[in-house]
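Work through the exercises below with the sequence and the model open. Each task is followed by a solution in steps.

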Amino acid sequence: MSISSPLLPSTLRARAERLRALVADGVLVLPNAWDAGSAAVIASAGAAAIATTSGGVSWSLGRGDGQRLDRATAVEAARRVAAAVDLPVTVDAEGGYGPAPEDVAETVRALVGAGAAGVNLEDSAAPGGPLFTVDEQVGRLRAARSAAEAAGLPELLVNARTDVFLFGLGGLDDVLVRAEAYAAAGADGLFVPGLLDLDALAALCARSPLPVNAMAVSGGPGVAELAAAGVRRISVGTALAQFAYTAAHRAAAELLGPGTLTEPTGALGYGEVDALFRG
């Protein structure tokens, strides 16, 4: 089956293979984007690949985080990001926009069509929990793998996110049980947001059959520390979107208060930003 995508099938396959190589060959650092503009800015800063954040994407569309987007809206947002950069794009697909394996398969097919080289798929049935059972999530991951193959992109990188630590629903042994099952179902990576204890991360990385992705947070372990623990992929969730919205809030408050505009000191110039979208 051919890929209905803004990218040539060969280009998309090359991007997916590049994304795989970046994890296999070192530590991939992903400052998460939330729209086409942020993706272009992050690419210009030297990123090797782009990851989206569902929370940031939702905010940019006037929605709250937590699986509140519908599939069509999320896919269109992903399409704009993939079209804005010449890099592999891995898309935060939340819970797959539906609980059933068939829902996940439809989401993956659509995201491949939008130009995604990878996807994140979480095992939360709802924000805060509960989690899908191991068997349920295995079925969903198998559906994702099969859908990617049917869409002509067997190279799609499927990063399986488990929210065991994020929502305090278990411990390291529970994560390892899921890691083993998710690997057997065809996942390519394991994302464990909420786990930042370096000793626990090192233990997980040593025992996981999948490369481990951790989410760095302000004030937590840095890239070098996470890499030393064995983490192979590091992302930041909504952090950059929060920083950007904070900068806009502060500048607006200054303009509306004392009437000055000193807050954006050091900001990218108009020409610098505009040049990112000329081509």
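**Exercise 1.** Which elements each supply at least two residues of the lining of the largest cavity?

*Solution.* The model is predicted, so local features need pLDDT of at least 70 and side-chain atom pairs count only at pLDDT 80 or more, while totals for chains, interfaces and linings use all residues. Residues are numbered from 1 along each chain as its sequence is written, and side-chain values use heavy atoms, with hydrogens and water left out.

Step 1. Take the terms. Helices (H or I, at least four residues) and strands (E, at least two) are DSSP runs numbered from the N terminus. On a 1 Å grid over the protein atoms alone, a cavity is a set of points where a 1.4 Å probe fits but cannot get out, and lining residues have an atom within 4 Å of a point.

Step 2. Find the cavity. A search of the whole structure gives one cavity of 30 Å³ or more. The largest cavity has a volume of about 100 Å³, counted as the space filled by probe spheres set on grid points joined across faces, edges and corners. Its lining has 14 residues, and Thr52, Val57, Ala74, Val91 and Asp92 are the closest to its centre.

Step 3. Assign the elements. The answer is α3 (54–60), α4 (71–84) and β3. α4 gives the most, with four residues.

**Exercise 2.** Describe the surroundings of aspartate 92.

*Solution.*
Step 1. Aspartate 92 lies in strand β3 (residues 89–92).

Step 2. Aspartate 92 is buried and has no salt bridge; arginine 161, the nearest side chain of opposite charge, is 4.7 Å away. Buried means under 20% relative accessible area, exposed over 50%, partly exposed in between (1.4 Å probe, protein chains only). A salt bridge needs a side-chain nitrogen of Lys or Arg within 4 Å of a carboxyl oxygen of Asp or Glu. Lys and Arg count as positive, Asp and Glu as negative; His and the chain ends are not counted.

Step 3. The side chain of aspartate 92 reaches the backbone nitrogen of glutamate 94 at 2.9 Å. Beyond four places in sequence, the residues that aspartate 92 touches (heavy atoms within 4.5 Å) include Thr52, Tyr97 and Asn120.

**Exercise 3.** Is tyrosine 97 buried or exposed?

*Solution.*
Step 1. Tyrosine 97 lies in the loop between β3 and α5 (101–114).

Step 2. Its relative accessible area is 15%, so tyrosine 97 is buried.

Step 3. Phi of tyrosine 97 is near 60°, a positive value in a residue other than glycine.

Key. A polar contact is a pair of N or O atoms within 3.5 Å; within protein, one must be able to donate a hydrogen and the other to accept it, and residues adjacent in sequence count only if both atoms are side-chain atoms. On a 1 Å grid over the protein atoms alone, a cavity is a set of points where a 1.4 Å probe fits but cannot get out, and a pocket is an open set with protein on both sides within 12 Å along at least five of seven lines; lining residues have an atom within 4 Å of a point.
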